[in-house]
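Subject: Structure for you to look at, with notes on pockets and aromatic rings

Dear colleague,

I am handing over the structure that follows, together with some notes on what was found in it. Please keep the two side by side as you read.

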Amino acid sequence: MIALLGVCLLVFTGCSRSVDGTAVPLGGGSGTDPGSVDTDKYDGLTLECTRLLSLDQIATTVGGTTAESTFNGAICRWVVTGAVVTGVTFNWFETGTVSVEKETAKKLGYETENVRIASTAAFTQRDPRRPAACGVTANSPARGVYTWWVEPRTTAAAADPCAAPTKLMELVLTGGQ
């Protein structure tokens, strides 16, 4: 019992720290601190989910028959149905860089490969534990980076798991054409 109490005290006190500043309730800040984000300068924020590509384009590109939007927000998600149910994810990090995204992918143990899509520097990323899935990250034409992930809900990998996310990226970078 005493040993358990000692471990608990060590855990709880070992994880605490003091932070300078004044706590304010949500929405109670002045809006001038460096943590505030002026969303007016991100003109496409959350619109990319509904205006980026049509549901038909997403479904056809990943080899399905229909696509259904399942989440719009910081990322966009769709479920594509057809011979194989496939999860599709898009994100736009407005202040991101390809080099940071690639470094992060490598830290996660993903295999990466440099590619060019529509004359834009990009890379593919694959998790060896999920051979059917592939992500493609490229510089956004406006600012930041785009990433498409396509993950069929099957363990069998397609001949080229990166073909669908690469095509989605190409469509986005060329205006959906």
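What is the volume of the second largest pocket? That pocket has a volume of about 180 Å³, where a pocket is an open set of points on a 1 Å grid over the protein atoms alone at which a 1.4 Å probe fits, with protein on both sides within 12 Å along at least five of seven lines, and a volume is the space filled by probe spheres set on the points, which are joined across faces, edges and corners.

Before going further, please note that this is a predicted model, in which local features need pLDDT of at least 70 and side-chain atom pairs count only at pLDDT 80 or more, whereas totals for chains, interfaces and linings use all residues. Residues are numbered from 1 along each chain as its sequence is written, and side-chain values use heavy atoms, with hydrogens and water left out.

The second largest pocket is lined by 14 residues, of which N91, E101, Q125, T147 and W149 are the closest to its centre; a lining residue has an atom within 4 Å of a point. At least two residues of this lining come from each of β3 (86-93), α4 (98-107), β5 (120-126) and β7, these elements being DSSP runs numbered from the N terminus (helices H or I, at least four residues; strands E, at least two). By type, the lining divides into seven nonpolar, six polar and one charged residue, with Asp, Glu, Lys and Arg counted as charged, Ala, Val, Leu, Ile, Met, Phe, Trp, Tyr, Cys and Pro as nonpolar, and the others, Gly among them, as polar.

The largest pocket, at about 230 Å³, has 16 lining residues, with V62, V150, P152, A158 and A164 nearest its centre.

Turning to the rings, the structure holds five aromatic pairs (rings of Phe, Tyr and Trp, the last by its six-membered ring, with centres within 6.5 Å; planes under 30 degrees apart are stacked, over 60 edge-to-face, the rest tilted). The pair of F90 and Y146 is tilted, because the ring centres lie 5.2 Å apart and the planes stand at 55°. Both residues are buried, that is, under 20% relative accessible area with a 1.4 Å probe and protein chains only.

W149 pairs edge-to-face with Y110, at 5.8 Å centre to centre and 75° between the planes, and Y110 and W149 are buried.

With kind regards

Notes. Buried means under 20% relative accessible area, exposed over 50%, partly exposed in between (1.4 Å probe, protein chains only).
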